[in-house]
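Hi everyone, thanks for coming. I'd like to walk you through one structure today, so please have a look at it with me.

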Amino acid sequence: MLMAHPAVLRNLIEQYETLQVLQAENGSDEVRRRMEDLAYTLCVSTGTRDVDTALIAARHGLPGARPEDDSVLAV
């Protein structure tokens, strides 16, 4: 499977985490829609089906991630 470039993954993670804070503070429809878009993009970029797994996989793909960590692999 192709994996997004680490810079792209880092940017997606940062955007999603920022929006999580905004969603917790005001919960606007615009923030919710943007979070849904980012969740979809993260899932496509990491080959996963839910945003929590996508975030784990994206972090795993960043430089400095432990190569022996197989927490995102199916059993």
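A word on the model before that: it is predicted, so local features need pLDDT of at least 70 and side-chain atom pairs count only at pLDDT 80 or more, while totals for chains, interfaces and linings use all residues. Residues are numbered from 1 along each chain as its sequence is written, and side-chain values use heavy atoms, with hydrogens and water left out.

The protein chain has 3 helices and 0 strands, in the pattern α-α-α along the sequence. Helices here are DSSP runs of H or I with at least four residues, strands are runs of E with at least two, and both are numbered from the N terminus. Of the 75 residues in the protein chain, 27% are buried, meaning under 20% relative accessible area with a 1.4 Å probe, protein chains only; over 50% is exposed, and in between is partly exposed.

Now, where is T48? T48 sits in the loop between α2 (29–46) and α3 (51–60). Its relative accessible area is 18%, so T48 counts as buried. Its side chain makes a polar contact with the side chain of T46, at 2.9 Å. A polar contact is a pair of N or O atoms within 3.5 Å; within protein, one must be able to donate a hydrogen and the other to accept it, and residues adjacent in sequence count only if both atoms are side-chain atoms. Leaving aside residues up to four places away in sequence, T48 touches L42, C43, T53, A54 and A57, where contact means heavy atoms within 4.5 Å.

Let's turn to the two helices. The axes of α2 and α3 come within 9 Å and cross at roughly 55 degrees. Axes are lines fitted to C-alpha atoms, for helices over the stretch in contact, with angles from 0 to 180 degrees between N-to-C directions.

Who meets whom? From α2 come A39, L42, C43 and T46, and from α3 come V51, A54, L55, A57 and A58.

Finally, A57 lies in helix α3 and is buried, with a relative accessible area of 7%.
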